[in-house]
Amino acid sequence: MKNITVINGPNLNLLGTREPGVYGAETLESIQAWLTGLAGELGAQLTFYQSNVEGELVTAIQQAGGADGIILNAGAYTHTSVALRDAIAAVAAPVVEVHLSNVYAREEFRHVSFLAPVCRGSICGFGKDSYRLALISLV
Ligand code: DQA
């Protein structure tokens, strides 16, 4: 059984009502329930964490460092956070960066990821399927 931690950053707790044209109409809870079902089929067990606070996300990455993998949607911190990048680089677990939206089709400031160079891979633009593809890749 693979243990995978799914970490979501700022404003992702608002999925469902937050810019549904960009992020879809599903809530984070509903996406997490769906992922849990998929994980069961793949023989993986998921742990979920969400925070709007950068330092709490650093701690969550450190605490998940012994997992078989981390799926991380760091939200806007993707484009700004040296602290999250250092946390990813510091842990043994492979981290897959995910985004619901295609960040490269959006504003220029979203084209830069501070995290991508220290992640195993990055998946963006497939809505909730970005998480599914990350899960499959880690398993
Ligand atoms: C996001 C993309 C980020 O640019 C944005 O700040 C988010 C969500 C996504 O899932 O598409 O909060 O990570």
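This is a predicted model: local features need pLDDT of at least 70, side-chain atom pairs count only at pLDDT 80 or more; totals for chains, interfaces and linings use all residues.
Let me begin with glycine 75, which is placed in the loop between strand S3 (69-73) and helix H4 (82-90). Helices (H or I, at least four residues) and strands (E, at least two) are DSSP runs, numbered from the N terminus. Residues are numbered from 1 along each chain as its sequence is written, and side-chain values use heavy atoms, with hydrogens and water left out.

Glycine 75 has a relative accessible area of 15% and is therefore buried; buried means under 20% relative accessible area, exposed over 50%, and partly exposed in between, with a 1.4 Å probe and protein chains only. Leaving out residues up to four places away in sequence, glycine 75 touches Leu12 and His99, where contact means heavy atoms within 4.5 Å. Between glycine 75 and leucine 14 there are 61 residues in sequence and 12 Å in space, C-alpha to C-alpha.

Histidine 99 belongs to strand S4 (residues 95-99). Is histidine 99 buried or exposed? Histidine 99 counts as buried because its relative accessibility is 7%. Apart from neighbours within four places in sequence, the contacts of histidine 99 include Asn73, Gly75, Thr78, Ile123 and Ser130.

I now turn to the ligand. Which residues surround the ligand? They are Arg18, Tyr23, Asn73, Gly75, Ala76, His79, His99, Leu100, Ser101, Val103, Arg106 and Arg110, a residue being near a molecule if one of its heavy atoms lies within 4 Å of it. The ligand sits in the largest pocket. On a 1 Å grid over the protein atoms alone, a pocket is an open set of points with protein on both sides within 12 Å along at least five of seven lines, and a molecule sits in a pocket if more than half of its atoms lie within 2 Å of its grid points.

A polar side-chain atom of histidine 79 is 2.7 Å from an oxygen atom of the ligand. For serine 101, a side-chain N or O atom lies 2.6 Å from a ligand oxygen atom. For arginine 110, the corresponding distance from a side-chain N or O atom to an oxygen atom of the ligand is 2.9 Å. Of the 320 Å² of accessible area that the ligand has on its own, the protein covers 99%; accessible areas come from the Shrake-Rupley method with a 1.4 Å probe.

Next, asparagine 8, which is placed in strand S1. With 0% relative accessibility, asparagine 8 counts as buried. Its side chain is joined to that of tyrosine 131 by a polar contact of 2.6 Å, that is, a pair of N or O atoms within 3.5 Å, of which, within protein, one must be able to donate a hydrogen and the other to accept it. Not counting residues up to four places away in sequence, asparagine 8 touches several residues, among them Leu28, Tyr49, Asn73 and Tyr131.

Finally, two loop residues. Asparagine 11 is in the loop between strand S1 (2-8) and helix H1 (20-23), and its phi is near 75°, a positive value in a residue other than glycine. Asparagine 11 counts as partly exposed, at 35% relative accessibility. Glutamate 19 is also found in the loop between S1 and H1; its phi, near 35°, is positive in a residue other than glycine. The relative accessible area of glutamate 19 is 45%, so this residue is partly exposed.

Technical notes
On a 1 Å grid over the protein atoms alone, a cavity is a set of points where a 1.4 Å probe fits but cannot get out, and a pocket is an open set with protein on both sides within 12 Å along at least five of seven lines; lining residues have an atom within 4 Å of a point.
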